[in-house]
Amino acid sequence: MTVLRSIALFLLAALAEIGGAWLVWQGWREHRGPWWIVAGVAALGAYGFVATLQPSPDFGRILAAYGGVFVAGSLAWGVVVDGFRPDRWDIAGALVCLAGVALIMYAPRS
């Protein structure tokens with residue numbers, strides 16, 4: 001159950017961070033207005049709190065592992081929201097990152 005909770009929190013963190021960055025991007029680069037930016041900043045702030053809910057007490061481990069989730073999540077966001085088409089190297093890189101997440105967070109430790 002702890003691993004499932006951790007995975008769910010990583011997904012929530014990715015949604016908040018990637019979604020927040022996308023909202024800021026839309027507000028600034030796509031000229032959608034300041035409210036998009038405000039919503040993005042709020043989502044980015046929420047991301048910072050979500051990480052604190054991880055069951056592991058090790059900040060460095062959580063942030064290092066989250067980096068892999070961020071990479072894969074960013075590519076997935078691009079596919080779903082922006083119509084991005086990843087190539088085989090994007091997909092391979094994301095899989096390597098997710099393997100790193102599994103090793104860092106869920107490898108058996110004594």
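At a relative accessibility of 69%, His31 counts as exposed, because the cut-off for exposed is over 50%. This residue sits in the loop that joins α1 to α2, and although His31 is not a glycine, its phi is positive, at about 55 degrees. The model described here is a predicted one, and the values below are computed from it.

### The chain as a whole

The protein chain contains four helices and zero strands, so that its pattern, read along the sequence, is α-α-α-α. Taken along the principal axes, the C-alpha atoms fill a box of roughly 50 × 35 × 20 Å. Of the 110 residues in the chain, 26% are buried, and the accessible surface comes to about 7200 Å², with 72% of that area belonging to carbon and sulfur atoms. Among the contacts with a separation of 6 or more, 66% are made by residues 24 or more positions apart. The chain carries 7 positive and 6 negative side chains, and the centres of these two sets lie 5 Å apart.

Gln26 has its place in helix α1, and it counts as buried because its relative accessibility is 6%, where buried means under 20%. Pro34 lies in helix α2 and, at 59% relative accessibility, counts as exposed. The C-alpha atom of Pro34 is separated by 25 Å from that of Phe84, a residue 50 residues apart from it along the chain.

| Residue | Relative accessibility | Class |
|---|---|---|
| Gly68 | 8% | buried |
| Pro34 | 59% | exposed |

### Helix α3 and its cover

Which residues of α3 are buried? They are Ile62, Ala65, Tyr66, Gly68, Val69, Ala72 and Gly78, and what covers them includes α1, α2 and α4.

Gly68, one of the buried residues of α3, has a relative accessible area of 8%. Not counting residues up to four places away in sequence, Gly68 touches Cys97, Leu98 and Val101. The C-alpha atoms of Gly68 and Ala13 are separated by 12 Å, and these two residues are 55 residues apart along the chain. After α3 comes Gly83, which has a positive phi near 75 degrees.

### The largest pocket

The largest pocket has a volume of about 270 Å³. Its lining consists of 16 residues, and those nearest its centre are Phe10, Leu11, Val69, Gly73 and Leu98. At least two residues of this lining are supplied by each of α1 (2-28), α3 (59-82) and α4 (88-106).

Terms used: Residues numbered from 1 in each chain as written. Predicted model: local features only at pLDDT ≥ 70, side-chain atom pairs only at ≥ 80, totals over all residues. Heavy atoms only, no water. Buried < 20%, exposed > 50% of the residue type's maximum accessible area, 1.4 Å probe, protein only. Contact = heavy atoms within 4.5 Å. Areas by Shrake-Rupley, 256 points an atom, 1.4 Å probe, with all protein chains shown as cover. Lys, Arg positive; Asp, Glu negative; His and termini not counted. Charge placed at Lys NZ, Arg CZ, Asp CG, Glu CD. 1 Å grid on protein atoms, 1.4 Å probe; cavity = no way out; pocket = protein on both sides within 12 Å on 5 of 7 lines; lining within 4 Å. Points joined across faces, edges and corners; volume = space filled by probe spheres on them.
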